[in-house]
Amino acid sequence: MRKLFNAVKSVKKEENFSFSKHTTYGLGGTAKAAYFPKNEPEAVAVYEYLQSSGENFLILGNGSNLLVSDKPYDGYVISTKYLQGVEIEGNCLKILSGTTVRQLLSFCLKNGISGFEYLAGIPATIGGLVAMNGGTSDTRISGNVLSVSIFDGKLRELSNKNCKFGNKHSTMSDITALILAVYAVFSREKPEKVQENINKFLDKRKAQPNGKSCGCVFKNPEGLSAGKLIDEVGLKGVKIGGAEVSRDHANFIINNGGSAGDVHTLIQYVKKSVYGKTGINLEEEVIYIGEFNDKLNC
């Protein structure tokens with residue numbers, strides 16, 4: 001244990017870590033502390049140290065698909081914020097998990113690389129996108145992935161097949177594993193064409209609601225639109241406390257100065273209402289961290 005402690009002493013650490021400052025909802029309580037490894041060996045050392053200590057811990061990317069409870073989290077955070085970098089390795093890209101979409105696309109522009117433009121405007125890290133198989137309604141990041149390097153007590157490289165990608169789901173979302181790097185296919189393209197493609201997807205995202213949110217709250221049921229279902233039930237603009245169903249896109253719930261409890265209760269209200277009127281049980285895309293006490297009998 002002392003050897004592991006010495007290995008993490010030099011890793012950046014933030015005591016009394018605030019989730020509200022590190023999630024796109026701007027909500028959540030605090031954790032005991034957070035570690036910010038800047039390379040793969042540091043990340044592995046922190047994981048091993050926390051695992052050996054028996055403490056609770058979780059891995060946090062950009063915090064763009066999370067709703068964290070207002071109550072304190074009795075554990076630690078491994079943040080991939082500084083685990084960043086992109087390099088060409090043979091016929092694929094190696095992308096460290098904390099690399100943001102913006103950073104990846106900047107690399108692609110400079111090096112004439114195409115295949116990732118559809119991610120433009122998504123406020124996420126590559127590790128987070130791979131864990132939840134994110135992307136657009138037409139294109140998911142699983143189509144880019146060759147393999148994923150993870151650490152879950154031992155170093156492993158999962159092939160695309162073994163990642164078991166599904167609808168906003170993957171093997172990594174079922175286990176406590178630290179995604180270290182993603183190996184992805186790419187194609188060559190003129191930088192000006194890459195920029196043109198990026199602009200096209202950014203234009204599409206301009207119509208998305210402003211305000212603090214996690215993006216889409218619910219997965220789209222097979223062949224249906226969750227946002228359309230919520231709209232047809234008449235829930236646009238519905239509020240609970242400081243949380244509101246967006247009037248622009250009903251699958252967005254906006255934090256207008258509320259609490260995580262407000263957002264969670266509104267999500268449950270939306271689920272109950274849609275099920276009651278359509279018989280369709282919406283499944284959350286947002287990931288919950290911590291305990292929530294519903295103010296609503298669902």
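**Notebook: cysteines and cores**

I looked up Cys108 and found its sulfur 13 Å from the closest cysteine sulfur, that of Cys92, which is too far for a bond. I count a disulfide as a pair of cysteine sulfur atoms within 2.5 Å. This is a predicted model, where local features need pLDDT of at least 70 and side-chain atom pairs pLDDT 80 or more, while totals for chains, interfaces and linings use all residues. Residues are numbered from 1 along each chain as its sequence is written, and side-chain values use heavy atoms, without hydrogens and water.

Cys108 is buried, at 1% relative accessibility. My cut-offs are under 20% relative accessible area for buried, over 50% for exposed, and partly exposed in between (1.4 Å probe, protein chains only).

Next I checked Cys216. Its sulfur lies 8.1 Å from the closest cysteine sulfur, in Cys214, again too far for a bond. Cys216 is partly exposed, at 25%. My disulfide count is 0.

Then I turned to the cores. I take a nonpolar core as buried Ala, Val, Leu, Ile, Met, Phe, Trp, Tyr and Cys residues joined through side-chain atoms within 4.5 Å. The largest has 35 residues, and Leu93, Phe116 and Met172 are among those with the most contacts inside it. Elements supplying at least two residues each include β7 (92-96), α4 (126-131) and α5 (191-205). α3 gives the most, with 5 residues. I use DSSP runs numbered from the N terminus: helices (H or I, at least four residues) and strands (E, at least two).

I noted a second, separate core of 24 residues, which includes Cys214, Val263, Val270 and Val286.
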